Every structure is written in structure tokens, then in C-alpha cells.
Amino acid sequence: MGPSVRLDQSDAQFVDVIHTDGRSFFLLEIPGYGMSQPCGHLDFYPNNGKEQPGCALSQEGGTLIPLTLIKDGIEEASRVLLACNHVRAIKLFIDSINGKCPYVAHRCPSYQHFLAGRCFKCTSGNCAYMGYHATMPISGHQNSSENDIITSDVNEPMAPQPGKYFLATGKDYPFCQRHYRFTVELAKPRDAETWVQGYLTAAIFSDRGAVRGVDLTPRGTARLEHGTTYQVVVTNPHDLGDRIRKVELNWTHEMNVLQPRSLCLLFWCNDHLYVKSVTVEIMQMPSRGKRNSGSSNKLCAPKREYADIANRGMSVFYDNCKR
């Protein structure tokens, strides 16, 4: 609809929008009660602003309806069934008021770019707090890159630029998640295949504890080309701190009958994955100065140039990269 009959920037000095239910009428899916079109000074898209974790009928909508009906009545049960995605915006806002985990979103062209780790830095006003702590955007400078550097010693949040902001959240309280960017540098020895496809998971060990079962291929099987890097943003509710000590990387090769080169039967191909290093970057915070700028941890295989990970195998990487 036109701006005269819907929310738009002229409706207030600061129009701050959280999109959680913007499924399209035209993509053969159940339409949402919300919209995906940007209509504010800042537009936030948790989980791409369409389908929220835990709201599919096979998850929260299907399993919790009887319990919710008994506990909270028919009104709340109907919300779970029909408006789970839509009501999530309210719950995210409430959770942002006093939560210890900050809802930091990144300005990015699309959610796919965000998940690929292409919009991860907070320089030049490219990050914003979603929810209660959102601030007015700055005007101008909308074409600056995430690699631009802000030189200021003032440790105050920098006003964000207008635009579309993306982040990932969990399926229940606390919804807020910590964001980590994984960069897997792949080696290319002589006996390696040009590419392999499959699944990657990781266990992360830091001074604050360990997190296991981190999915590094959240969109299904990934095609990994030896000699290149694979990058992905993953989330977890735990704050691992700035120092990552160890990462365990698990590899599972996946065969595809539609791609004959992925079929590793009778020694037709090499299904091993060769990894030089793993870099784990902690999400940055919206700050003008160098403080709260996030951190980067590079981890390598011990005493080897690269790790040779067999199908359904695991290799350990440590924070002692001295080469």
C-alpha cells in the first residue's frame, strides 16, 4: 500500500520497525500479517523478518497449543497457532528492555549476505541496537563501507545509518543470541578434490566454557572448494568472551546422485576435507572508539600445515598459530 495508508517515515520523528511476519502473498506460502517492505528510519529483520524460530506448526505452533490452551486460555493458544511470528516482534522488544544480551543488528543488503559474514563490522554506523535501546539514525554517509574506520576515543554508541538491519534470534526466551563469524581456510594438497560437499559442525572452547554442536552449514549441505575460504555467521546464547582457545571441527561428506563427482564409491573420489585454519570473530558492538570493537581468534592444526579430516572425522585447532 501507499505511504498515505500505511506506516512510513513521515509518521514520527523516529519510526523504528521490527519485521517478524513478512511472508509474501506471491511465493506459494502462507501469507504473513506483517510486511517486508522497509517503512521506517530503521528497519530490523530478525531471522530475515519472515518465519521466526519455534513458530512452525511442527515446532511451537503444533506441540504447544494443547498446553497453552490449558495454561493460558484460548486467546493465547490462538496467538501461538495463528500469530506466533507476528507477536514475536512484541516479545523481542520486551526482552530487549532489561536483557543482558544486546540485540545488535547489522546493516546489510540481504539476510543471505548477513549469514555469509559480509556485514559483520560496526564501523561507520553499520550496526544498531534493536528494540528498546534503538537510537535515531544519522543522515547522509549512506554509501560508506563496513571497512571504513572511525577514529574516535569517545566510547559512546555511534548513531546508525538509515537502512535494513539483520540479526538472528532464538526460538524462546532469552531470544537474544551472540553472533560469531567463522572463517574456514581450506588447503589444496595434490590429492584433494577440487571441491567436496557436506556438513560442518564445531565445538568451541574458551576461557568462559565450551559450546558444542555449533552448525556451520545451517542452510544444508555446503559446497567447499579447496584452496578457498568458507565463511558463515552462527549464533549461540552463551557469551564465550574474547579468547577462543580451541575449536573441534567435524566433517561429514554428503553424496548427491545429481552430481556424479560427489559420489565417493569404490575410491572414485577423495571425500576428505583439508583445512589450514579456523578463525572465530566475536561480534562487534556499536561503539565510536576502539573499545568494544570485537575480537578475532585464529586457530591452527598443531605442528602441521593443514588438517586432513576424513569423512565423519574430527580435527582439533588451537590458538597457537605461529607460522
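Helices (H or I, at least four residues) and strands (E, at least two) are DSSP runs, and they are numbered from the N terminus. With that in hand, we can take a walk through this structure, which is a predicted model.

Let's begin with the backbone. Most residues other than glycine have a negative phi, and most peptide bonds are trans. Asn48 is not a glycine, yet its phi is positive, at about 75°. You can find Asn48 in the loop between strand S2 (42-46) and helix H1 (60-63). Lys303 is another non-glycine residue with a positive phi, near 60°. Look for Lys303 in the loop between strand S13 (295-300) and strand S14 (307-309). Its relative accessible area is 87%, so Lys303 counts as exposed.

Which two residues does a cis peptide bond join? They are Tyr173 and Pro174, with omega at about -10°. Pro174 sits in the loop between strand S5 (163-167) and strand S6 (178-186).

**A nonpolar patch on the surface**

Tyr173 also takes part in a nonpolar surface patch of about 590 Å², together with Ile90, Phe93, Ile94, Ile97 and Tyr132. Ile90 belongs to helix H4 (residues 84-98). Is Ile90 buried or exposed? Ile90 is exposed, because its relative accessible area is 52% and exposed means over 50%.

Helix H4 also holds Val87. This residue has a relative accessible area of 17%, and since buried means under 20%, Val87 is buried.

| Pair | Apart in sequence | C-alpha to C-alpha |
|---|---|---|
| Val87 and Thr20 | 67 residues | 8.1 Å |
| Ser110 and Lys164 | 54 residues | 8.1 Å |

Ser110 is found in the loop between strand S3 (104-107) and H5. Ser110 is buried, with a relative accessible area of 17%.

**The largest pocket**

Rolling a probe the size of a water molecule over the atoms shows where empty space is left. The largest pocket here has a volume of about 450 Å³. Its lining is made by 20 residues, and those nearest its centre are Ala168, Pro218, Val233, Val234 and Thr235. Helix H5 (111-115), strand S8 (209-215) and strand S10 (229-236) are the elements that give two or more residues to this lining. Which element gives the most to the lining of the largest pocket? That is S8, with 5 residues. Sorted by class, the lining has 9 nonpolar, 8 polar and 3 charged residues.

Key
Residues are numbered from 1 along each chain as its sequence is written. This is a predicted model: local features need pLDDT of at least 70, side-chain atom pairs count only at pLDDT 80 or more; totals for chains, interfaces and linings use all residues. Side-chain values use heavy atoms; hydrogens and water are left out. Patches are made of residues with over 30% relative accessible area and no salt bridge: like charges are joined within 9 Å, nonpolar side chains (Val, Leu, Ile, Met, Phe, Trp, Tyr) within 5 Å. Accessible areas come from the Shrake-Rupley method with a 1.4 Å probe; for residues, only the protein chains shown count as cover. A salt bridge is a side-chain nitrogen of Lys or Arg within 4 Å of a carboxyl oxygen of Asp or Glu. Buried means under 20% relative accessible area, exposed over 50%, partly exposed in between (1.4 Å probe, protein chains only). On a 1 Å grid over the protein atoms alone, a cavity is a set of points where a 1.4 Å probe fits but cannot get out, and a pocket is an open set with protein on both sides within 12 Å along at least five of seven lines; lining residues have an atom within 4 Å of a point. Grid points are joined across faces, edges and corners, and a volume is the space filled by probe spheres set on the points. Ala, Val, Leu, Ile, Met, Phe, Trp, Tyr, Cys and Pro count as nonpolar, Asp, Glu, Lys and Arg as charged, and the others, Gly among them, as polar.
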